Amino acid sequence: MASVVAKLHPPPQAISGRQSFFGTVQTSILSIPRTRQSHLAITAKATSDSSESSSVVQSVKNIWDKPEDRVAVIGLGIAAIVGFWASSNLIAAIDHLPFIPSVFEFVGILFSSWFVYRYLLFKPDRKELFQAINKSISDILGQ
């Protein structure tokens, strides 16, 4: 019985690099042996949309280059981590109280039921909701 083995790509010979905004991006061919006689080659390349990412990266880089802004950025990062940790612990503490989660769930069910009855059940009420949403959007956008 003869076996048929197909080679997709030859094994990698070299790693090439190209210049980008972040420095040299390495592209290579990864060879994964499937059997003793063949190789599966996967090509990985780094691509990005340079117009949006470069402006964001450039603005962050400009802020980071100023020493007084660097301290503020580090402080904001630490404050964000502490705030996330504190809110996570607060939610866990409330969740461990025996009665509070059930009350919150009941209030959520009541509010959802009221919202459906008030705005979604009848056609004139839906029009009123869409008008309120469009008014809010126009107020926010300043139109």
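**Overall make-up and helix packing in a predicted model**

Residues are numbered from 1 along each chain as its sequence is written, and side-chain values use heavy atoms, with hydrogens and water left out.

The protein exposes about 12400 Å², and carbon and sulfur atoms supply 66% of that area (Shrake-Rupley method, 1.4 Å probe). Among contacts (heavy atoms within 4.5 Å) with a separation of 6 or more, 24% link residues 24 or more positions apart.

Now for the layout. The protein has four helices and three strands, and from the N terminus on they run β-β-β-α-α-α-α. Helices here are DSSP runs of H or I with at least four residues, and strands are runs of E with at least two.

An unreviewed UniProt entry carries the annotation "transmembrane region" for residues 71-93 and 99-117; such annotations may be inferred rather than shown by experiment. In the model, residues 71-93 are 100% helix and 0% strand, with the end C-alpha atoms 33 Å apart. Residues 99-117 come out as 95% helix and 0% strand, and their end C-alpha atoms are 27 Å apart.

Helix α3 (residues 100-120) packs against helix α4 (residues 123-141) at an angle of about 95 degrees, with the axes 6 Å apart. The axes are lines fitted to C-alpha atoms over the stretch in contact, and angles run from 0 to 180 degrees between N-to-C directions. The two helices, α3 and α4, are therefore roughly perpendicular to each other (65 to 115 degrees). On the α3 side, the contact is made by F115, Y117, R118, Y119 and L120, and on the α4 side by D125, R126, E128 and L129.

One of these residues, D125, lies in helix α4. D125 is buried, with a relative accessible area of 19%. Leaving aside residues up to four places away in sequence, D125 touches Y117, R118 and Y119.

Conventions:
Predicted model: local features only at pLDDT ≥ 70, side-chain atom pairs only at ≥ 80, totals over all residues. Parallel < 35°, antiparallel > 145°, perpendicular 65-115°, else oblique. Buried < 20%, exposed > 50% of the residue type's maximum accessible area, 1.4 Å probe, protein only.
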